[in-house]
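The paragraphs below lead through one protein chain, step by step. They take up a pair of helices, then the chain as a whole, and then some details of its loops.

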Amino acid sequence: METPQRKLCAQPKPFVQRFDPGVSATRMGYILSNNKKWVNGTLIKYTFIEGDDRQKNVVRKAFSEWKALGIGLSFQEVNDVQVAMVRIGFTFGLGSWSYVGRDALEIPKAERTMNFGWDLTDPYGHTTALHEIGHALAFNHEHQNGNSGIVWNVDAVYHEFSGNPNFWSNDQIEINILSKMPANSVTGSAWDPNSIMHYQFGPGLILSPAPYKNGIFPPGTISPVDIAGVRAFYPPMAPAIPSVEWKSAAPITAGPGGQSDFVFTAPSSKKFTFQTAGQLDTVMVISKRVQDKDYYMAGDDDSGMERNAKITVPLVEGRLYVVNVRVMYAEDAQSGSLIVS
């Protein structure tokens with residue numbers, strides 16, 4: 001089988017997680033395996049900054065395909081770049097890529113967070129759209145899974161991807177193929193060569209495992225392992241969420257990678273402070289609930305730092321708000337709480 005002459009996803013350099021001095025290796029591993037994830041229940045707003053409807057419709061369909069898996073995230077197309085978390089372009093000279101998960105929040109509003117660098121109106125275009133949205137949902141390249149055991153023919157890899165049709169630099173080849181994610185930062189399966197997040201590789205690029213010396217050719221669809229993984233990352237939201245009251249505390253029961261959710265009804269119109277307490281690394285988000293949809297208001301990420309998440313936000317009397325606490329690391333079960341003051 002000949003090597004497919006296809007352009008491949010070329011990821012931007014990822015953001016590096018910063019840690020306060022004294023953070024243990026174990027704690028780092030838990031944080032790194034969760035730090036790109038969205039808080040479950042997030043309504044991810046996306047916008048197109050260019051492109052025609054034929055291209056846009058492929059992307060819209062791919063978003064719908066991910067949502068149809070029954071996950072706890074939802075997606076909404078908007079026209080305002082200032083409120084969009086994911087901003088999508090179609091500049092062919094820039095290649096196809098997406099920032100991973102919450103890294104998109106670090107990008108200035110005037111810049112795209114995802115780009116499609118070729119026509120999407122054939123089956124490979126649909127695969128590309130599914131793949132890039134997978135990155136936006138916080139999935140990395142599966143062939144870079146630290147548990148994969150792939151041993152590369154490094155010289156052949158450099159030769160293959162420095163030439164037509166990708167013309168990648170050595171740095172791009174390292175970022176997108178050769179570098180491996182640390183095994184302690186990977187959650188889910190050991191390795192899924194059928195994943196939508198896996199590149200195709202032709203003969204001669206892989207030295208081992210032996211069954212893949214003649215290449216890896218994933219089908220270009222969301223695999224059963226992908227489905228299990230995204231449902232584990234983002235399970236359907238519970239129909240009933242416990243409430244937390246003003247001047248009270250509620251236990252955070254989730255373990256690393258899990259999430260505790262609360263609803264809060266504002267007893268008056270004023271500023272309220274929400275703060276985690278205990279030995280926890282968390283991402284906390286507060287949203288306003290309107291007709292069963294949660295609209296992001298504010299968030300705080302204390303992971304890898306010697307402090308607790310804290311948000312002070314003005315609320316309106318009688319309105320319902322949702323507080324999501326994604327736990328990155330916890331020293332002990334039920335070791336934290338949410339306090340409202």
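Predicted model: local features only at pLDDT ≥ 70, side-chain atom pairs only at ≥ 80, totals over all residues.

**Helix pairs, overall form and loops**

Helices α2 and α3 cross each other in a right-handed sense. Helix α2 covers residues 53–67 and helix α3 covers residues 123–136; their axes come within 9 Å and cross at roughly 55°. That angle makes α2 oblique to α3. On the α2 side, the residues that meet α3 are V58, V59, K61, A62, F63, E65 and W66. Their partners in α3 are G125, H126, A129, L130, I133 and G134. Sorted by type, the residues of this contact are eight nonpolar, three polar and two charged.

Two packed helices are described by the angle between their axes and the distance between the axes. Helix α4 spans residues 154–162, and helix α5 spans residues 170–178. The axes of α4 and α5 come within 10 Å and cross at roughly 115°. This places α4 roughly perpendicular to α5. The crossing of α4 with α5 is right-handed. From α4, the residues V154, V157, Y158, F161 and S162 take part in the contact, and from α5 they meet N170, I173, E174, I177 and L178. The residues of this contact divide into seven nonpolar, two polar and one charged.

These helices belong to a chain whose secondary structure comes to six helices and 15 strands. Along its principal axes, the C-alpha trace spans about 65 × 45 × 30 Å. Of the 341 residues, 49% count as buried. Among the contacts in the chain with a separation of 6 or more, 76% are between residues 24 or more positions apart.

Most residues other than glycine have a negative phi, and most peptide bonds are trans. Where does the peptide bond between N164 and P165 stand, cis or trans? The bond that joins N164 and P165 is cis, with omega about 5°. P165 lies in the loop between α4 and α5, the two helices whose axes cross at roughly 115°. F167 is also placed in the loop between α4 and α5. The phi of F167 is near 55°, which is positive although F167 is a residue other than glycine. With a relative accessible area of 53%, F167 is exposed.

A positive phi is also found at A138, where the value is near 95° in a residue other than glycine. A138 sits in the loop between α3 and β6, the strand of residues 151–152. Is A138 buried or exposed? A138 counts as buried, because its relative accessibility is 8% and the cut-off for buried is under 20%.

A further cis peptide bond runs from S208 to P209, and its omega is near 5°. P209 is located in the loop between β7, residues 206–208, and α6, residues 224–233.

Note on methods
Residues numbered from 1 in each chain as written. Heavy atoms only, no water. Axes fitted to C-alpha atoms, helices over the stretch in contact; angles between N-to-C directions. Helix = DSSP H or I, 4+ residues; strand = E, 2+ residues; numbered from the N terminus. Parallel < 35°, antiparallel > 145°, perpendicular 65-115°, else oblique. Left-handed = near helix turned anticlockwise from the far one by under 90°. Contact = heavy atoms within 4.5 Å. Nonpolar A, V, L, I, M, F, W, Y, C, P; charged D, E, K, R; others polar. Buried < 20%, exposed > 50% of the residue type's maximum accessible area, 1.4 Å probe, protein only.
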